[in-house]
Amino acid sequence: MKKCICSELPKYIEGASMNEYKGKICPFEIQFIPQEWVTIYKCQCCGELWKEFYIQGGHGEVPCLLKLEKG
């Protein structure tokens, strides 16, 4: 498995979804909360937990990533 870049990324990333970090983060989905459109991922390399969610933007929804904690 490749080395992840979780430790190099900021705690909050606006405008990026987890798909944009495939190959740099080794995520697997551990929970999807449909009523909130939130997905929780865990990096298989380092155990970092990530929350992917969407906020309302000017022309639609903007994807965001938030580091939660190491799992």
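## Model and confidence

This is a predicted model, in which local features need pLDDT of at least 70, side-chain atom pairs count only at pLDDT 80 or more, and totals for chains, interfaces and linings use all residues. Residues are numbered from 1 along each chain as its sequence is written, and side-chain values use heavy atoms, without hydrogens or water.

The chain has a mean pLDDT (the predictor's confidence in each residue, from 0 to 100) of 90, with 96% of its residues at 70 or more.

## Overall fold

You will find five strands and zero helices here (DSSP runs numbered from the N terminus: strands are E, at least two residues; helices are H or I, at least four). The radius of gyration, 12 Å, is close to the 11 Å of the globule rule for 71 residues, so the chain is as compact as a globular protein of that length (taken over C-alpha atoms; the rule is 2.2 Å times the number of residues to the power 0.38).

## Strand pairing

Let's follow the hairpins. Strand β3 (residues 38–43) pairs antiparallel with β4 (residues 48–57) through four bridges; two strands pair if DSSP finds at least two bridges between them. Thr39 has Glu52 of β4 as its bridge partner. Four residues separate β3 from β4 in this hairpin, and Gly47 in the turn has a positive phi of about 85 degrees.

Next, β4 runs antiparallel to β5 (residues 60–70), joined by nine bridges. These two strands also form a hairpin, with two residues between them.
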